[in-house]
Amino acid sequence: MKNSTLEFKIDDQFNVSKIRLLGLLEEISSSELFTNTICLTSESILAHKIDEMWDDSNCRIDLANLHNILDSISNTDTGIVIFSDKTKVRIIIPPLPIPKDISSIGTDVTKLIELIQSDITIGVILVRLGHYA
């Protein structure tokens, strides 16, 4: 039975480089503490699909506390990846958009690593509006 009086908070927020993020994912992957992995697109976050995907049977963090944590994150335009264990949730906001929702039992960093290591192309279009533009 969950204790509804437990309150969880964001312990630390930081930005990391690609190399540091890959190292962090390696650390998460080698740790067998995490019991669930959830990848959510930004559209799914807005539609509260976490309600359907969250399994708190192996985690002390209930859905209400998870919503409070997600509400305090300001920029989720690229989606989020959630790794959870019995006592904590680690949330990663990737630099590129997550293509689809994924829920896995255990630690699954493969999709996030593929996303981070993918080659991207950025196009810039310049438009000139007449002689004086």
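Visitor: Hello! What kind of model is this, and how are its residues numbered?

Guide: Welcome! This is a predicted model, where local features need pLDDT of at least 70, side-chain atom pairs count only at pLDDT 80 or more, and totals for chains, interfaces and linings use all residues. Residues are numbered from 1 along each chain as its sequence is written, and side-chain values use heavy atoms, with hydrogens and water left out.

Visitor: Which helices and strands does the protein have, and in what order do they run?

Guide: Helices (H or I, at least four residues) and strands (E, at least two) are DSSP runs, numbered from the N terminus. Here there are five helices and four strands. Starting at the N terminus, their order is α-β-α-α-α-β-β-β-α.

Visitor: How many of the residues are buried?

Guide: Buried means under 20% relative accessible area, exposed means over 50%, and partly exposed is in between (1.4 Å probe, protein chains only). Of the 133 residues in this protein, 37% are buried.

Visitor: What is a nonpolar core, and which residues touch the most other members of the largest one?

Guide: A nonpolar core is a set of buried Ala, Val, Leu, Ile, Met, Phe, Trp, Tyr and Cys residues joined through side-chain atoms within 4.5 Å. The largest one has 16 residues, and those touching the most other members are Leu-21, Leu-25, Ile-28, Val-81, Phe-83, Ile-92 and Leu-112. Two or more residues each come from α1 (18-30), β2 and α5 (110-117). Helix α1 gives the most, with four residues. Apart from this core lies another, of 14 residues, including Met-53, Cys-59, Leu-66 and Ile-73.

Visitor: And what does Ile-92 touch?

Guide: Contact means heavy atoms within 4.5 Å. Not counting residues up to four places away in sequence, Ile-92 touches Leu-21, Leu-24, Leu-25, Ile-28, Ile-80, Val-81, Phe-83 and Leu-112.

Visitor: How many salt bridges are there?

Guide: First, the idea: side chains of opposite charge can pair when their charged atoms come close. The rule asks for a side-chain nitrogen of Lys or Arg within 4 Å of a carboxyl oxygen of Asp or Glu. By this rule there are two salt bridges. In one, the closest N and O atoms of Arg-90 and Glu-27 are 4.0 Å apart. Arg-90 lies in strand β3 and Glu-27 in helix α1, so this pair ties together parts that are 63 residues apart in sequence. Both ends are partly exposed: Arg-90 has a relative accessible area of 25%, and Glu-27 has 41%.

Visitor: Where is the salt bridge between Glu-114 and Lys-111?

Guide: These two side chains meet at 4.0 Å, N to O. Glu-114 and Lys-111 are three residues apart in helix α5, so about one helical turn separates them. In general, an α-helix has 3.6 residues a turn, so residues three or four places apart point the same way.

Visitor: One last stop: is Ser-104 buried or exposed?

Guide: Ser-104 counts as buried because its relative accessible area is 15%. You will find Ser-104 in strand β4 (residues 102-105). A polar contact is a pair of N or O atoms within 3.5 Å; within protein, one must be able to donate a hydrogen and the other to accept it, and residues adjacent in sequence count only if both atoms are side-chain atoms. Such a contact, of 3.3 Å, joins the side chains of Ser-104 and Asp-108.
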